[in-house]
Amino acid sequence: MSNIPETGRTSRVTIRLVAIQILVFSLLATLGGRLWYLQIRNGQEYAAKARSNHVQQVIDPATRGSILDARGVALADNQTRLVVSASRTDLLKMKDGGKAVLTRLAKVLNLPAQEIRDKVRLCDAKTPQPCWNGSPYQPIPITDEATTQQALQIRERSEDFPGISAEPTAVRRYAAPGDANAAQVLGYLSPVTDEEITKAKNSPAPLLRSDQIGRSGLERQYDEYLRGKAAVTRYEVDNLGRVIGQAKSDKGQAGSSVVTSIDARVQAIAEKQLDQAMKDARQQVDRNTGTNYKADSGAVVVMEAKTGRVVAMASNPTYDPNAWVGGISGKDYAHLTGKDSNYPLLNRAIQGQAAPGSIFKVISTSAAVNAGYPFDGHYPCTSSYSIGGQVFRNFEGESQGDISLGRALEVSCDTVFYRIGHEEWKKDGGDKPKANPSDWFYKTAHQFGLGKTTGIDLPNEVKGRVPDRQWKNAFWKANKDTWCSQGKSGDDYVSKLAREGCLEGMKLHAYDSINYAIGQGDTLVTPIQMATIYGALSNGGTLYNPTVGKAIVSADGKHVRMIQPKAHGHLPDTPQTLQQIGAALQGVTMRGTAAWRFQGWPQDKIPMHAKTGTAEVYGKQTTSWFATYTKDYTIVMTISQGGTGSGASGPAVRKIYDALYGVNDKGEIDPKAALLPKPETSLPKIESDGTIEAQPIKPPPADPSPSPSGSPPQ
């Protein structure tokens, strides 16, 4: 028997019971406090969340607005197609991840099963196209070309196709009216990503998982207006998924339409002529290499001179934007992004950069006049110009004697501009520059708008380059370590060049200024920049922001927001200087380097002005430039590795003007054949239901007979 007294045992039991009671009461108090917190303090919040767990959303995507040309012709609109989609969430719930369902679907759609499986996988850095770049929780389109019979099979045998839907859906269509492709101008769509949804959560235009958004061109620039607002209907459901009521819903709103200044007829002609010019250039032999010109890319811009509105813009190589509709295939994606196809997604009118060659001389002429050189002065046009042991030759070695700046523009005399550029470099201190050099040639280029974007309403415009002292110094700092390292490796040309860059790369040398004066060296411009400049020469000096959008029209047609032209600067020239430059540029088309391309042009009725350019590029064939203007329009065309300006680009530009004004092969103006004898100032008729009355597309006039040939220098 235990020797512990009975009273001691009782005391210990009592203590234990008290401890247990305290523990129980503590737990009850904690539980009560938690219940108070959940039910009273935050009761409403959690009740709302609980209710939301039993609310299902049905999203009816908004109809995307159309993109129209200046006459109301649809460049991008929508058409109803039978779209077959797969719910990735439902497929992943299946034991085989939906493989069997997708295999059955492939047989119905007559598509490879692997292609369908690839389409429903999610994109990441290592996953090649095709793949799904949108939200994993929204239906993934498999095809938008299903037949009625295929759709019926899927819907009638729903037990064989769980997670698969076949519904009529409004799908984007790029209509290409009259073969006006305009791919780089229009852009394309792709599904919204989760990151974009999160980023736009608190914005005025939040994104839904079902949204498609613009990725380039006008589709991206005006996406907020075009996209509209999807209708969202919310249903309250019980635990079994049965609808027990309808919660608050959001009304949808169709997207607005964007009316552009593009004319589909002119666009089609510009594209055709650019493509033909490149094909013709490939038939010509480069005298420097003995091989045919490659003519691997090009661009053309047609713009209203008095407003900056873009009438046509073409880039080559191009592509069909319909390839993106319904999800792009791996083959198409590889083609659009591959080096072999020369990157057709690029809009070379605003993203293609090249040395401008002689079309830059209008800037050099302005700089010379502002620096004190008389426009009608006498300047020796010799066959070459030498500094030290280096000889800079006139194009094709031609000599013209003493000529004015105007005549130098007409015959494109390089040595006149070499000499003035070199003299200005010496006045600024040469190799030992003054504290505040005048830098007339570089300052004037900036005043003409180079070295910065034009402000066109298209995304991803590049700014080109003015290789002034600031750029030289920054470029040297970024590359000096590499140059200094390479310069130690040997005595070959590359090593010597690297050593020179290491020691003097920050300096603006004489040869830099000489090359720069004729638009060579490190200068880079875009076609849209040069179109803006030549438009300003036409309109009296105003540098307009080029615009493609002309108006935004609400879906019901009741609200029209005009997109007015805006200016970003003015040429630094007096009216007299502008008039003198204009007269010289008209002389280019009558007796200068472009005269052979404008023989028979009605100069008395429509004065034509032009400047040719043939820019040398290290390691490549020459770049062809042709910059022109009338009182109404400016047209700039460029062809990479295309040869001379007047030779490669000249005929195409002439044919575009012939179509604009209705000029036949005899030099007569036929008003009935003219597409746009003068810029369009009005909008197409807008109906009360928001539709826009489109004008019929009449076929472009037949090409006139080729202009007489010749052999001018540029």
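This is a dialogue on how to read some features of a predicted model.

Me: What should I know about the model and its numbering before I start?
Reply: The model is predicted, so local features need pLDDT of at least 70 and side-chain atom pairs count only at pLDDT 80 or more, while totals for chains, interfaces and linings use all residues. Residues are numbered from 1 along each chain as its sequence is written, and side-chain values use heavy atoms, with hydrogens and water left out.

Me: How many helices and strands are in the protein chain?
Reply: Helices (H or I, at least four residues) and strands (E, at least two) are DSSP runs, numbered from the N terminus. The protein chain has 23 helices and 23 strands.

Me: What percentage of the residues is buried?
Reply: Buried means under 20% relative accessible area, exposed means over 50%, and partly exposed lies in between (1.4 Å probe, protein chains only). Of the 714 residues in the protein chain, 49% are buried.

Me: Which residues form a nonpolar patch on the surface?
Reply: A patch is made of residues with over 30% relative accessible area and no salt bridge; like charges are joined within 9 Å, and nonpolar side chains (Val, Leu, Ile, Met, Phe, Trp, Tyr) within 5 Å. Here Ile20, Val24, Phe25 and Leu28 form one, with about 410 Å² of accessible area together. Such areas come from the Shrake-Rupley method with a 1.4 Å probe; for residues, only the protein chains shown count as cover. Ile20 is in helix α1 (residues 6-41).

Me: How many salt bridges does a search of the whole structure find?
Reply: Side chains of opposite charge can pair when their charged atoms come close. A salt bridge is a side-chain nitrogen of Lys or Arg within 4 Å of a carboxyl oxygen of Asp or Glu. The search finds 21 of them.

Me: Where do the partners Arg64 and Glu219 sit in the chain?
Reply: Their side chains meet in a salt bridge at 3.0 Å, N to O. Arg64 is in the loop between β1 (55-60) and β2 (67-68), and Glu219 is in helix α9 (residues 217-221), 155 residues apart. Arg64 counts as buried at 8% relative accessibility, and Glu219 counts as buried at 0%.

Me: What separates Asp275 and Lys279 in helix α11?
Reply: Asp275 forms a salt bridge with Lys279, the closest N and O atoms being 3.1 Å apart. The two are separated by about one helical turn, because they are 4 residues apart in helix α11 (residues 264-281). Asp275 is partly exposed at 27% relative accessibility, and Lys279 is partly exposed at 41%.

Me: How many aromatic pairs does the structure hold?
Reply: A pair of aromatic rings is described by the distance of the centres and the angle of the planes. Rings of Phe, Tyr and Trp (its six-membered ring) pair if their centres lie within 6.5 Å; planes under 30 degrees apart count as stacked, over 60 as edge-to-face and the rest as tilted. The structure holds 13 such pairs. In one of them, the ring centres of Tyr633 and Tyr661 are 6.0 Å apart and the planes are at 70°, so the pair is edge-to-face. Tyr633 lies in strand β23 (residues 633-640) and Tyr661 in helix α23 (residues 645-661), so the pair ties together parts 28 residues apart in sequence.

Me: Are Tyr633 and Tyr661 buried or exposed?
Reply: Both Tyr633 and Tyr661 are buried.
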